[in-house]
Amino acid sequence: RKGRAMNGVYVPFWTFDADTASRYTGQRGEYYYETRTAHVRVTGKMQARQERVRHTRWYPASGHVSRDFDDVLVMASHSLPARLGNELTPWDLGALVPYGPEYLAGFQAEGYTVGLADGHQAARARMEAVILQDVRRDIGGDEQRIASLDPSFSAETFKHILLPVWTAAYKFQGR
């Protein structure tokens, strides 16, 4: 719209890298089916019907999964809702360049309001969710039960980066 400019702001993010190795124990569930006869009343008469019943056999499972994480992003600002910050992905983080004051010319930039320790905790939670899926895939079967999971993190690094976000105001359907 006329007179409504796009505004650019650099929003702070943390990125975290880590190598992980995780041991787990649990169970793999495999389905099997039995056919049984059930008696049901149909229009006042008893009838026998065959029905398939699913059961699960459980087998012990244990193992080890490894995954290397690169650039797990955590928004380092409370100014945007976390949901919105997460929906801005994916970023081309391979195109990052070292900070230079000339990049900020004409833009606003926020300082971080999410500290490194909180960002690290959020990144680890995301990594652990991925590791959990890796374990489920490694166990296999139709269902999985995970009794213990012991992730080990090494070679952890972080970067503080600024990523550009563009904002604009506009009307849609009168609002």
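Start by selecting arginine 36, which is partly exposed at a relative accessible area of 47% (buried means under 20%, exposed over 50% and partly exposed in between, with a 1.4 Å probe and protein chains only). Before you click on, know that this is a predicted model, where local features need pLDDT of at least 70, side-chain atom pairs count only at pLDDT 80 or more, and totals for chains, interfaces and linings use all residues. Residues are numbered from 1 along each chain as its sequence is written, and side-chain values use heavy atoms, with hydrogens and water left out.

**Stop 1: salt bridges**

Strands here are DSSP runs of E with at least two residues, helices are runs of H or I with at least four, and both are numbered from the N terminus. Glutamate 51 is partly exposed too, at 31%.

Next, pick glutamate 30 and arginine 28, whose side chains form a salt bridge at 2.9 Å, N to O. Glutamate 30 is partly exposed, with a relative accessible area of 31%, and arginine 28 is also partly exposed, at 24%.

Now jump to aspartate 134 and arginine 67, another salt bridge, with the closest N and O atoms 2.7 Å apart. Aspartate 134 sits in helix α2 (residues 116-139) and arginine 67 in strand β2, so the pair ties together parts that are 67 residues apart in sequence. Is aspartate 134 buried or exposed? It is buried, with a relative accessible area of 10%, while arginine 67 is partly exposed at 31%. Select Arg137 as well: salt bridges that share partners join Arg67, Asp134 and Arg137 into one network. In total, the model has six salt bridges.

**Stop 2: rings**

Time for aromatics: there are five aromatic pairs to find. Show phenylalanine 107 and tryptophan 166, an edge-to-face pair at 5.5 Å centre to centre with 75° between the planes. Rings of Phe, Tyr and Trp (its six-membered ring) pair if their centres lie within 6.5 Å; planes under 30 degrees apart are stacked, over 60 edge-to-face, and the rest tilted. Phenylalanine 107 lies in the loop between α1 (82-87) and β3 (108-109) and tryptophan 166 in strand β4, so the pair ties together parts 59 residues apart in sequence.

Then zoom in on arginine 57: its charged end sits over the ring of tyrosine 32, 3.7 Å from the ring centre. That label needs NZ of Lys or CZ of Arg within 6 Å of the ring centre and within 35 degrees of the ring normal. Arginine 124 does likewise over the face of phenylalanine 153, at 3.9 Å from the ring centre.

Definitions and conventions
Salt bridge = Lys/Arg side-chain N within 4 Å of Asp/Glu carboxyl O.
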